[in-house]
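Hi there,

Here is the structure I promised to pass on to you.

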Amino acid sequence: MNLNERLDSLHDLYSGDLISKNTLSSQILELIASREAKTFWDITMKKDITARRMLTMLEDPEQWEKDSSSPEEERERILKERLTDLFFSVEDSSSGILEILLETANLPHFESVVFSRNDKSSGKKSGAKLSVLD
């Protein structure tokens with residue numbers, strides 16, 4: 001899958017000291033906010049969203065409380081840190097890491113960060129259309 005190949009490429013770039021940790025975190029967020037990642041989420045994972053969120057909340061209630069009570073303007077930074085930490089926590093970057101990253105990005109307190117990125121990218125494509133009758 002293309003998303004896993006992109007994750008592997010990011011891993012290789014960072015391992016080779018070609019990109020900084022800050023650039024890596026931004027690129028991971030861009031990948032997770034992509035249309036392709038959203039489609040993957042919708043097809044494979046969205047049906048279990050409630051169970052996934054509850055499990056995440058039960059696994060680490062302190063982290064959930066900390067993330068959900070953080071100010072809105074800091075959530076993008078927090079999400080980038082979490083995604084980068086998760087990215088490094090898995091030995092083989094392609095085995096299951098995509099699901100873990102998407103699961104984290106779709107938590108209620110991080111959804112606005114990811115969806116606002118989707119809105120920005122789709123907003124750039126819009127423009128005025130004129131017909132012959134105008």
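Below is what was found in it, going from the whole chain to single residues.

**The overall layout**

Please keep in mind that this is a predicted model. The chain has 8 helices and 0 strands, and along the sequence the pattern reads α-α-α-α-α-α-α-α. Of its 134 residues, 35% count as buried. How much of the contact in the chain, at a separation of 6 or more, comes from residues 24 or more positions apart? Such residues account for 72% of those contacts.

**The nonpolar core**

The largest nonpolar core has 30 residues. Leu7, Ile28, Ile32, Leu79, Leu98, Leu101 and Leu102 touch the most other members. The helices that give two or more residues to this core are α1 (2-15), α2 (21-32), α3 (35-44), α6, α7 and α8.

**Helix α6**

Helix α6 covers residues 75-89, which makes 15 residues. From its first C-alpha to its last it reaches 21 Å, close to the 21 Å expected at 1.5 Å a residue. Which residues of α6 are buried? They are Arg75, Ile78, Leu79, Lys80, Arg82, Leu83, Thr84 and Phe87.

**The largest pocket**

The largest pocket has a volume of about 210 Å³. It is lined by 13 residues, and the closest to its centre are Thr56, Glu59, Arg82, Thr104 and Leu107. The elements that give two or more residues to the lining are α4, α5 (61-68), α6 and α7 (97-105). By type, the lining residues divide into 4 nonpolar, 4 polar and 5 charged. Arg82 is also one of the buried residues of α6.

**The second largest cavity**

The structure holds 2 cavities of 30 Å³ or more. About 30 Å³ of space lies in the second largest cavity. Its lining is made of Trp41, Ile49, Arg52, Arg53, Glu103, Asn106 and Leu107, and these divide into 3 nonpolar, 1 polar and 3 charged. Which helix gives the most to this lining? That is α4 (residues 49-59), with 3 residues.

- Arg52 sits in helix α4. Is this residue buried or exposed? Arg52 counts as buried because its relative accessibility is 18%, and the limit for buried is under 20%. Leaving out residues up to four places away in sequence, Arg52 touches Trp41, Met45, Glu99 and Glu103.
- Asn106 lies in the loop between α7 and α8 (111-125). With a relative accessibility of 7%, Asn106 counts as buried too. Leaving out residues up to four places away in sequence, Asn106 touches Trp41, Ile49, Arg53, Glu111 and Phe115.

- Glu36 lies in helix α3 and is partly exposed, with a relative accessible area of 32%. Glu36 and Asn2 are 34 residues apart in sequence and 8.7 Å apart in space, C-alpha to C-alpha. Again leaving out residues up to four places away, Glu36 touches Asn2, Leu3 and Arg6.
- Asn22 is in helix α2. Asn22 is exposed, with a relative accessible area of 55%. How far from Thr84 is Asn22 in space, C-alpha to C-alpha? The distance is 9.0 Å, although the two are 62 residues apart in sequence. Thr84 belongs to the buried residues of α6.
- Asp17 is found in the loop between α1 and α2. At 69% relative accessibility, Asp17 counts as exposed. Most residues other than glycine have a negative phi. Phi of Asp17, however, is near 55 degrees, a positive value in a residue other than glycine.

Happy exploring, and do write back with any questions!

Best wishes

Methods
Residues numbered from 1 in each chain as written. Predicted model: local features only at pLDDT ≥ 70, side-chain atom pairs only at ≥ 80, totals over all residues. Heavy atoms only, no water. 1 Å grid on protein atoms, 1.4 Å probe; cavity = no way out; pocket = protein on both sides within 12 Å on 5 of 7 lines; lining within 4 Å. Points joined across faces, edges and corners; volume = space filled by probe spheres on them. Helix = DSSP H or I, 4+ residues; strand = E, 2+ residues; numbered from the N terminus. Nonpolar A, V, L, I, M, F, W, Y, C, P; charged D, E, K, R; others polar. Expected span 1.5 Å × (residues − 1). Buried < 20%, exposed > 50% of the residue type's maximum accessible area, 1.4 Å probe, protein only. Contact = heavy atoms within 4.5 Å. Core = buried A, V, L, I, M, F, W, Y, C linked by side-chain atoms within 4.5 Å.
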